[in-house]
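The sequence and structure are shown first.

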Amino acid sequence: MKLPSRVQLIDVGPRDGLQNEKQPVAAEVKIELVHRLQAAGLTEIEVTSYVSPKWVPQMADNAQVMHGIRRQPGVRYSVLTPNMKGLEAALSAPRAEWPDEIVVFGSASEAFSQKNINCSIAESIERFAPVVAAARDKGIAVRGAMSCTVGCPYEGEVAPEAVGRLAKLMKGIGVERVDVADTIGVGTPRKVQAALEATLAHFGVDAVSGHFHDTYGQALVNTLASLELGVWNFQSSVAGLGGCPYAKGATGNVATEDVVYMLHGMGIATGIDLDALIDAGVYISQALGREPNSRASKALRVKRGA
């Protein structure tokens, strides 16, 4: 079976990974994390989100972080803008500090959409349509995060047909590429492939990425299952930042270090320096007062000391 020869990773640690941290993380630390990630070879980084500080206090320093990062040519910096107010806030900065891409989100699960953002899937897409149009009018790319594509904490298993419907709606409002996210990490290879195939009916393979949580230890096998379909874009989080809010104590985002270790072991290029990436994970983990949640990081650091 022919697998992609190269994989593009988006590190979501600075945004998705840190947003639920209870302890405040200084803007300077977030900025340094972005710098370390791009120095390690990451060319796509999800930096922050423009949401109400009342709901996500960790992201209240979004403008400060975007102002502070030293941008490197060839690196794409994305931010989450869940509504027009968020987009306007992101664009109120000088042009040089605008994001290269915004992220909007929708759920493949009706119950999750109602519980998470108090509206139906169709209503959520209606809300995002003007945001997408305004961003694209300014020359900013748009990515759509599709959550709960294989399972939902409220309604259980999610049918591939529901994923296809959401992908079609995203395409209809002008979203350029989408993430197929296993938000609670219940997916297994065949289920993930079914969700991806439903999405690929509406988006080309270059515009589809996998975002897998490791709650049940399935993230790497689900990544491999995606590679088998030709998918070559994935999201991950340095040091495994970001727990799963729906499973107490469970692992959330798959660690970028573990994904890179697997890919390099398969002869698949990423352009990432694994040692430098591990050091970036140690940096942010020390700032949080804990060990990186990456098996590859732990094993390779033990080996370093041998």
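Glu 101 is buried (under 20% relative accessible area, with exposed over 50% and partly exposed in between, for a 1.4 Å probe and protein chains only), its relative accessible area being 1%. Its partner in a salt bridge (a side-chain nitrogen of Lys or Arg within 4 Å of a carboxyl oxygen of Asp or Glu) is Arg 76, at an N to O distance of 3.0 Å. Because Arg 76 belongs to strand S3 (residues 76-80) and Glu 101 to strand S4 (residues 101-107), the pair ties together parts 25 residues apart in sequence. Arg 76 is partly exposed, at 30% relative accessibility. Strands (E, at least two residues) and helices (H or I, at least four) are DSSP runs numbered from the N terminus.

## Basis of the values

The model is predicted: local features need pLDDT of at least 70 and side-chain atom pairs pLDDT 80 or more, whereas totals for chains, interfaces and linings use all residues. Residues are numbered from 1 along each chain as its sequence is written, and side-chain values use heavy atoms, without hydrogens and water.

## Network and total

Arg 143 and Glu 46 also form a salt bridge, at 3.1 Å from N to O. This pair links strand S5 (residues 141-147) with strand S2 (residues 44-49) across 97 residues; both Arg 143 and Glu 46 are buried. Salt bridges join Arg 76, Glu 101, Arg 143 and Glu 46 in a network with Arg 15, Glu 44, Arg 177 and Asp 179. The whole structure contains 15 salt bridges.
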